[in-house]
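This report describes salt bridges and annotated spans in one structure. Please look through the sequence and the model before reading on.

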Amino acid sequence: MFRYMTFAPLVAAAGLALGAPARAEGTVEVLHWWTSGGEAKAVGELKQSFEAAGGTWIDSPIAGGGGDAAMTALRARVVAGNPPTAVQLKGPGIQEWAELGALADVEGVAAAEGWDGVLPPVLAAIMKSDGRYVAAPVNIHRVDWIWANPEVLARAGIDTMPTTWDEFNAAADKLIAAGITPLAHGGQPWQDATIFENVVLGVGGAEFYRAALVNLDPEALTSPTMVAAFDQLRKMRGYVDANFSGRDWNLATAMVMNGEAAFQIMGDWAKGEFLAAGKVPGKDFVCAPTPGGGFVLNADSFTFFKVSGEDNIAGQQKLASLIMSPEFQKTFNLAKGSIPARTDVPLDEFDDCAKLSHADLLKATEADTLVPSMAHEMAISRSVRGEFLDLVTEFFNSDMSSEDAAQRLADAVKRAM
Amino acid sequence: MAGTGFLTTLSRGFERRLPLIVVSPLFALSLFFVYGFIAWTVWISFTKSGVMPVYDLSGLAQYERLWTTPRWYVALKNLFIFSSLFIGISMALGIVLAILLDQRIRVEGVIRTIYLYPMALSFIVTGTAWKWILNPGLGIEKLVRDWGFPDFTFDWLVNPDYAIYTIVIAGVWQSSGYAMALFLAGLRSVDDEVLKAAAIDGAGAWRTYTRIVLPSMRPVFLSVVIILAHLAIKSFDLVVALTGGGPGYATDMPATFMYAFAFQRSELGMAAASAVMMLATICAIIVPYLYSELRGARR
């Protein structure tokens, strides 16, 4: 934080010096924490596109703590009255900053380009404050995936992917009988919560998911359906290996890849690991939605902060337009492994899992079974999400009863509100 | 003449105040950056601050919430378990090693250095090394199983009930050598004449140590306790490197609790409340100690 404040004037001065000749073209400073591998490559695409359009891009990558360090820097910048043009910020976090009056809207660009017509309504609502767009989504990650190793499944005599949790349990029991770990999992709170939300969707359906994990209805949280979801989560605990505690998600993916485990429940960033290892979807690994017939949505977005100066405002508008352009959405998501947030981008160059994701997205939008992810900060504020993570991870690592878990969850949510 | 006299008075006054003038910027800085921010934190703990600080007071709401949060109790319990075991075991091991080293043995210098070396590592390195050693799939458990004991289990690191003890193990490994060095210095400073007198009076080794040597080392015990206690209370890096607070939040400490709420959950008010509770805990220990020390000094 301190370092940031010291360098901020320098960066700003450099921006002015560089930006001066290209005044009309616009300048943006983008704060993000995409610093590794495919993510860095993806943000590089955005930088290139922006510079190709004649703008000046000031990169402010702040790595560390899954964005915690970047948020600390952002706080300092906003307090100092010198916010960046755009920040990698998602979900209800956008609303928190909007309530503080720190955001600028890009409604002009959005209305002219017809964003409402091309974004899923659930996602569009998250991007808006008071009905005006203050953020632009770059991608859609699907959270409710099961990744599987078909060769391992064949060894245990399983030839179809499970479509209900009962089928999943039956398959897992068969795998255990064959001496194979059914579920590759890493015992970190967000991974536990990822499984939990998929189980809630599968056991209760989209309607219940929304009541419990989005609207935080106390009756839903203590209902028998929630108890049943915890029962299923308890079963899943029996399907992970003894050494799961603290494991990173990509190591769990590697277990499926190497045939040490059969399934992993994880968002489609896991696909990037398979593809990076040269595996072919449908042959070396298979992807299938988790039971429930819904779609758990996770989307990254850039949120626009109130900046002053013609040049900065012009750059902000240009960046918004660029992020939502079909060409950028395609190149960015090919690099990151997700699918475009715009539903009208042709997917010819994408892989089969991405195509399935896109088809299911349209179906879920139609059937109103598209739900925002709780575990990935799309549904509820960070404070309430923290209470969910604490409770779910304690349940997963202890012998708490399902009834107690549902009651304690409701209590914790009440405390945090 | 009058002018010179005035200048002399001035320069004398300046000389007298010079120390004050030199020290005051530092004093002002520490006043602002230490006590100013303590006051700020206390203020924030009485507000409903979330992602950004707000300054409207809202009473004890954050404290009420803190003391109904199960995770806070886990953190307190862990701090108690960890600090009592860490301080107790490090001191016991330190004194035993020091007494053994004190027997005028041959390669004392080498052995002393070996025991003291862990202290030169940062807690991050210690934590990471022990994470691998204690990991059931990589470390001790796998090693012993590969030796032909397939039922051997040592899974404390991934067992929520025992994970806190792995932090004790790593902490003791790191700090008992340091305790040994302090105790050894204390042992060496015991007057030889007294020891000779004891030997002439026919006191055995056990009696000499328990009745004469150890009681005369009271100040050393006090320093060791204070050094280990502050290591225990600020234990943040060791927990982060070794268990990451897990499994679940089974090895959370007040410091990691505060970090999680301030920087991961955007709950500045709650984090400030927990920080104030930590401060109050330390004050409860330090103030009586300072009081007795200062009173002793005046006497």
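Is B:Glu141 buried or exposed? B:Glu141 is buried, at a relative accessible area of 7%, where buried means under 20% relative accessible area, exposed over 50%, and partly exposed in between (1.4 Å probe, protein chains only).

## Basis of the model

This is a predicted model, in which local features need pLDDT of at least 70, side-chain atom pairs count only at pLDDT 80 or more, and totals for chains, interfaces and linings use all residues. Residues are numbered from 1 along each chain as its sequence is written, chains are lettered from A and ligands numbered from 1 in the order in which they are written, and side-chain values use heavy atoms, with hydrogens and water left out.

Side chains of opposite charge can pair when their charged atoms come close. Over all chains, the structure holds 28 salt bridges, each defined as a side-chain nitrogen of Lys or Arg within 4 Å of a carboxyl oxygen of Asp or Glu.

B:Glu141 takes part in one of them, with B:Arg145, at 3.2 Å from N to O. Both residues belong to helix H6 (residues 140-146) of chain B and are 4 residues apart, about one turn of the helix. Helices (H or I, at least four residues) and strands (E, at least two) are DSSP runs, numbered from the N terminus. B:Arg145 is partly exposed, with a relative accessible area of 33%.

Another salt bridge joins B:Arg71 and B:Asp252, whose closest N and O atoms are 2.5 Å apart. This pair links distant parts of the chain, 181 residues apart: B:Arg71 is in helix H3 (residues 70-101), and B:Asp252 is in the loop between helix H11 (237-242) and helix H12 (254-264) of chain B. B:Arg71 is buried at 10% relative accessible area, and B:Asp252 is buried at 3%.

## Salt bridges in chain A

A:Asp105 and A:Arg132 form a salt bridge of 3.0 Å, N to O. The two residues are 27 apart in the chain, with A:Asp105 in the loop between helix H4 (92-99) and helix H5 (107-113) and A:Arg132 in strand S5 (residues 132-133). A:Asp105 is partly exposed at 31% relative accessibility, as is A:Arg132 at 40%.

A network of salt bridges links A:Arg142, A:Asp144, A:Asp360 and A:Lys363.

## Annotated spans of chain B

An unreviewed UniProt entry annotates "transmembrane region" in chain B, including residues 79-101 and 113-133. UniProt positions are given in the numbering used here, feature names are shortened, and annotations may be inferred rather than shown by experiment.

Residues 79-101 are 100% helix and 0% strand, with end C-alpha atoms 32 Å apart. For residues 113-133, the end C-alpha atoms lie 23 Å apart, and the span is 71% helix and 0% strand.
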